2 protein chains.
Amino acid sequence: MDFGEVLSILKDDLNKVEASIKENFQSDVVLIPTISNYLSNGGKRIRPILILISSRLCGYNNGNKHITYSCVAEFIHTATLLHDDVLDEAEIRRGNPAANLRWGNGASVLVGDFLLSRSLTMMAEVKDPRAIFYFSEASRKMVEGEVLELTNPFNLNITEEKYIDIIKRKTAALMSASCRVGAILAKSLSTEEDTLSNFGAKVGTAFQLVDDVFDYISEEGKIGKQVGKDITNGKITLPMIHLYNNASQEDRKSIEEIVKTGNTQKENFNKIVDLMKKYHSIDYTMDKARGYIREAKEEMTSFKDSLYLNAILSVADYIVERDM
Amino acid sequence: MDFGEVLSILKDDLNKVEASIKENFQSDVVLIPTISNYLSNGGKRIRPILILISSRLCGYNNGNKHITYSCVAEFIHTATLLHDDVLDEAEIRRGNPAANLRWGNGASVLVGDFLLSRSLTMMAEVKDPRAIFYFSEASRKMVEGEVLELTNPFNLNITEEKYIDIIKRKTAALMSASCRVGAILAKSLSTEEDTLSNFGAKVGTAFQLVDDVFDYISEEGKIGKQVGKDITNGKITLPMIHLYNNASQEDRKSIEEIVKTGNTQKENFNKIVDLMKKYHSIDYTMDKARGYIREAKEEMTSFKDSLYLNAILSVADYIVERDM
């Protein structure tokens, strides 16, 4: 099954998710739906897709709670994007000028908070404390990951282990919770819950690794955000860690100079990308990502073969095969 | 009963709230407890006080959920302060340099998010969807109030009605929810719940009116934040609305000039304060606040006389009598 088929199996549910997203960011304070609407376009909806498939895979088929939780996860994710853009002073997000540049940092912070509060109300209405617990723990971990990243800027000596710890919190936690909540919804066995949670964590880690690669090798305009922002923002990701640890003394000096000044004008940026090619840092990172995907899929061998098992495995493949 | 006696009745509970606050902002990411600890000192703990008294008043006496919810409300409030400081570029908060100046906007946004996620986990552990619902609705209203304020900067033509709508959302909503949650905790009658919710909303409105007055008339250093920031930030509050609506043509021109340039150097600021005295704008605002406190207390006549009834009425009085 390819990712296009996954989307077609989920088509009805995904349409409902889109409707739920639009419905739930409504407010009589007009700036809120304006910014939310502006930002909600262009998302890949990976977290909703994980929830929808997990819940179906575990047998959920009588209600619309999977739609509600999909909307919750997407709101939590979108709130993070809004708050991140304030941190990163981002200029492009999901292919458009970032909200903070268009409406100011204040609006980005507040609309993020609005989406968080809405997601909380929606969860309160579903009335399952366990789902609330796992989503809130995921939110906490995401923040911890972001703070860890923020407090290690321009640090070329960060270890691969520390970096993996950061992305497990920052990105993998919400994908893990999304998969788990799908199982919770289906009142699934706790072993299935744990399996799906592990699957989501590994897929999420791979997802971030690929994202970090895209920041170096994507064609401008394709990934919906700027290329080369990680260096500018002092984010030392795996391609850079690998490069720095494997480069010659001389090359390390050039890298240090570029990273420390944060000057990523075309010439400097191309130099870094060339070095990454020379030392196979991109390949190394992609191999790591593929390794996590392989492990994620191995987690799922306890599930019987089914349409939705094939679908979730296909999502895993898509994570490392996607081109944006 | 005076406010000192209220604090002494609640002493044990308030100590537990302090311990709970410190315990719940722990994280292996050290910057998080550092900032949380820095910020948690100096708070008046009005929302915890309202929860503690409301729960006791309605008969709650078997457990520690009132402590948990007090911590939740204080975390939601503190998160708002952190996020507000990013919006306002605040320099002083709770008597110390604001967190955003010391650690940067990013850290303020993220630690605010951390406290929100922690408050959510704590609520999930108590497992009462109704409390979660009311706290999340309060959070939503707070954000809406902030966004309304943000989208009306330097607008001298804002009506008193619109301003009251803003502060009802921005400040009163969380105090209202705090009082209601106390009643929910005691499995109280729904009429008592509504009464306490109305009481909290009115007390909260008065609280903000008094805060807005303090921004003009406090001695520097006393209120734990800067004086005169509202004009600089373009926040048109009731003293200013009253002044502008009642001033002579000539005085209105001076006001417009000062407000539009946002220049609140001592001379300009003193001019505004003198005009507020001339036109009794401070008295007008304080009278409004006292009116809300009167109404709040009238709400409570359905409760039988008791220690905790006296305590909550004393809190209401304190709101308009406090000097910080």
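Pro33(A) touches Phe25(A), Gln26(A) and Ser27(A), leaving aside residues up to four places away in sequence; two residues are in contact if their C-beta atoms, placed from the backbone, lie within 7 Å. The model is predicted: local features need pLDDT of at least 70, side-chain atom pairs count only at pLDDT 80 or more, and totals for chains, interfaces and linings use all residues. Residues are numbered from 1 along each chain as its sequence is written, while chains are lettered from A and ligands numbered from 1 in the order in which they are written.

Pro33(A) lies in helix H3 of chain A. Helices (H or I, at least four residues) are DSSP runs, numbered from the N terminus. Pro33(A) is partly exposed, with 18 other C-beta atoms within 10 Å. A residue is buried if 20 or more other C-beta atoms lie within 10 Å of its own, exposed if 12 or fewer, and partly exposed in between. Ile51(A) is 18 residues from Pro33(A) in sequence, and the two are 24 Å apart in space, C-alpha to C-alpha.

Helix H16 of chain A (residues 307-321) has 15 residues. From first C-alpha to last, H16(A) reaches 21 Å, close to the 21 Å expected at 1.5 Å a residue. The expected span is 1.5 Å times one less than the number of residues. Buried residues of H16(A) include Tyr308(A), Ala311(A), Ile312(A) and Val315(A). Ala316(A), Tyr318(A), Ile319(A) and Val320(A) are also buried. Their cover includes helices H1 (3-9), H4 (46-57), H10 (190-217) and H15 (281-299) of chain A.

In chain B, the axes of helix H9 (residues 160-185) and helix H10 (residues 190-217) come within 6 Å and cross at roughly 140 degrees. Axes are lines fitted to C-alpha atoms, for helices over the stretch in contact, and angles run from 0 to 180 degrees between N-to-C directions. H9(B) is therefore oblique to H10(B). Angles under 35 degrees count as roughly parallel, over 145 as roughly antiparallel, 65 to 115 as roughly perpendicular and the rest as oblique.

Between the chains, 36 residues of chain A are in contact with 36 residues of chain B. Helices H3 (31-40), H5 (65-88), H7 (105-126) and H8 (129-150) of chain A each supply at least two residues of the side touching chain B. H7(A) gives the most, with 14 residues.

A rotation of 180 degrees with 0.0 Å of shift along its axis superposes chain A on chain B (RMSD 0.0 Å). That is the relation of a two-fold axis. The same surface serves both copies, as 100% of the contact residues of chain A recur in chain B. Superposition is by least squares on the C-alpha atoms of residues with pLDDT of at least 70 in both copies.
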